[in-house]
Amino acid sequence: DTFAGELGAGYRFANNVVIEGSGSTGFNVTAFLLGGSYEFQEARVMAGYAFPVTEKLRLVPTAGVSVWQLEAVESPLLFFVPFARQTTSGTDAAWRLAGEYYFNERFGAYFSYSATRPDFGSFSLLSFGMKVQF
């Protein structure tokens, strides 16, 4: 479990088909204080469809490809000198289910749950933030 930052851009066509690209990075602070840490970076390209629920609310399921990298560092408890470092990376399928609520024509809020499932486990991200529509 970690906190992450995410930035994305996309385009919604007149027929409600959506394409988007996004990137996220996260760092586990709790593990760092207990003797280790990990950092995760991910870039995604996704496509989906925006289902209008009401005039202001849309549900947007998407699927695509994730390119990711995970770096784990082990350190003795409270000694910040790493003694083991491992980096792994890959490309896997990813999906996202998002909800978008627009306050007016241009500004809105979103919430989403996304996941990537590499061979050794899973990465998932629950996120929320603001959207600007151009």
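**Exercise 1. Is S127 buried or exposed, and what does S127 touch?**

Solution. S127 has 10% relative accessibility, so S127 counts as buried (buried means under 20% relative accessible area, exposed over 50%, partly exposed in between; 1.4 Å probe, protein chains only). This is a predicted model: local features need pLDDT of at least 70, side-chain atom pairs count only at pLDDT 80 or more, and totals for chains, interfaces and linings use all residues. Residues are numbered from 1 along each chain as its sequence is written, and side-chain values use heavy atoms, with hydrogens and water left out.

Next, the neighbours. Leaving aside residues up to four places away in sequence, S127 touches E6, Y110, F111 and S112 (contact means heavy atoms within 4.5 Å).

**Exercise 2. Which aromatic pair do Y11 and F13 form?**

Solution. Start with the search: the whole structure holds four aromatic pairs. Among them, Y11 and F13 have 4.8 Å centre to centre and 75 degrees between the planes, an edge-to-face pair. The cut-offs: rings of Phe, Tyr and Trp (its six-membered ring) pair if their centres lie within 6.5 Å; planes under 30 degrees apart count as stacked, over 60 as edge-to-face and the rest as tilted.

Now compare Y101 and F103. Their centres are 5.7 Å apart and their planes at 70 degrees, so this pair is edge-to-face.

**Exercise 3. How exposed are F13, Y101 and F103?**

Solution. Take each ring in turn. F13, at 37% relative accessibility, is partly exposed. Y101 has a relative accessible area of 37% and is partly exposed. F103 is partly exposed, at 47%.
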